[in-house]
Amino acid sequence: MKTLKRFFTLWLPVVLILLFLLFPFYWTLVTSLKPEQELYGPVTYWPQQLTFASYEKLFSEFDFLKPMGNSLLVAVCTTAITLVVSTLAAYAFTRFEFKGRRGLMVMFLTNNMFPTVLLMIPLYTIMRTIGILYTPLALILSYTTFTIPFTVWLLNGYISDLPVSLEEAAMVDGCNRAQGFIRIVMPVLIPCLISTGVYIFMQSWNEYTFATMFTNSSNRTIPVALKSLIGNLGVQWDLLTSGGIITIVPVCIMFFFAQKRLVEGLTAGAVKG
């Protein structure tokens, strides 16, 4: 009786939730492996004949490597710039008292309270004025406008939990402030930086709204390239689903190798005492 109750109260809900979450990915994968004649016929939950023709067509005819390279360039640069700027800013906010400190932190917080779409017109005007519109740099700078404030707040909590006595001991041993930051603070922050970097990378890799306005046919990123497969006359389901599967592969690989550090970073500062 106890086993049956546990099945209905624990395992059955877990299985149903997993099916609900994983079925879209399964359906995308199955659709990408179907031949073209099966896409518009009766619904089948497994292809009668497996084929990778859609993947071959995606890279040969659609030239999917180009938007993948653009997305990778933008995501890596955005992650690197955001982590460097945010780490230095968060360290300054937690370790130094200066005039306007609280006001600046409030400004960073309020930046995340407004929809990012409100920034599109001002950013478009700025990018056009300085002559970098429709370049990867325009997209990178646009993404940092909302990734840096969030990351500063996130890292601010991590660095606040680090004892100041560690740096003071290093400075007593002969280190200056910069050496103490690099040799003492940075190694401890690595799990937090990895978890934060994963978040920034995913935001930049999957972002669509800014990418639509600040890119053109020569430097479009993955989301915009996939959107072009949806036209007025129909949807190219084979290319769209195969492109979706290819898109999640780098993120899955990144999670696989960074899983341990990611968990450490997400739980950093959660236990005190």
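Student: Does Y134 count as buried, partly exposed or exposed, and what is its relative accessibility?

Tutor: Good place to start, and keep in mind that this is a predicted model. Buried means under 20% relative accessible area, and exposed means over 50%. Y134 has 34% relative accessibility, so Y134 counts as partly exposed.

Student: Where is Y134 found, and which residues is Y134 in contact with, leaving aside neighbours within four places in sequence?

Tutor: Look in the loop between helix 6 (120-130) and helix 7. With those neighbours set aside, Y134 is in contact with Y124, M213, F214, T215, N216 and N219. Take F214: Y134 and F214 are 80 residues apart in sequence, yet their C-alpha atoms are 5.1 Å apart in space.

Student: Is T44 buried or exposed?

Tutor: T44 has 15% relative accessibility, so T44 counts as buried. You will find T44 in the loop between helix 2 (36-39) and helix 3 (53-60). Not counting residues up to four places away in sequence, T44 touches W27, K34 and E38.

Student: Now to helix pairs. How are two packed helices described?

Tutor: By the angle between their axes and the distance between the axes. Helix 5 (residues 101-111) and helix 7 (residues 136-160) pack at an angle of about 125°, and their axes are 9 Å apart. Helix 5 and helix 7 are therefore oblique to each other, and their crossing is left-handed.

Student: Which residues make that contact between helix 5 and helix 7?

Tutor: Helix 5 contributes M105, F108, L109 and N111, while helix 7 brings T145, F146, P149, V152, W153 and N156. By type, the residues of this contact are 7 nonpolar, 3 polar and no charged.

Student: At what angle do helix 8 and helix 9 pack?

Tutor: Helix 8 (residues 164-172) and helix 9 (residues 177-206) pack at about 125°, with axes 9 Å apart. That angle makes helix 8 oblique to helix 9. Here helix 8 passes helix 9 in a right-handed crossing. On helix 8, L166, E167, A170 and M171 meet R177, I184 and V185 of helix 9. The residues of this contact divide into 5 nonpolar, no polar and 2 charged.

Student: Which residues does UniProt list for "transmembrane region"?

Tutor: An unreviewed UniProt entry lists residues 7-27, 72-93, 105-127, 133-159, 180-202 and 239-258 under that heading. Residues 72-93 are 100% helix and 0% strand, with the end C-alpha atoms 31 Å apart. Over residues 105-127 the chain is 65% helix and 0% strand, and the end C-alpha atoms are 26 Å apart.

Methods: Residues are numbered from 1 along each chain as its sequence is written. This is a predicted model: local features need pLDDT of at least 70, side-chain atom pairs count only at pLDDT 80 or more; totals for chains, interfaces and linings use all residues. Side-chain values use heavy atoms; hydrogens and water are left out. Axes are lines fitted to C-alpha atoms, for helices over the stretch in contact, and angles run from 0 to 180 degrees between N-to-C directions. Helices (H or I, at least four residues) and strands (E, at least two) are DSSP runs, numbered from the N terminus. Angles under 35 degrees count as roughly parallel, over 145 as roughly antiparallel, 65 to 115 as roughly perpendicular and the rest as oblique. A crossing is left-handed if the near helix is turned anticlockwise from the far one by less than a right angle, and right-handed if clockwise. Contact means heavy atoms within 4.5 Å. Ala, Val, Leu, Ile, Met, Phe, Trp, Tyr, Cys and Pro count as nonpolar, Asp, Glu, Lys and Arg as charged, and the others, Gly among them, as polar. Buried means under 20% relative accessible area, exposed over 50%, partly exposed in between (1.4 Å probe, protein chains only). UniProt positions are given in the numbering used here, feature names are shortened, and annotations may be inferred rather than shown by experiment.
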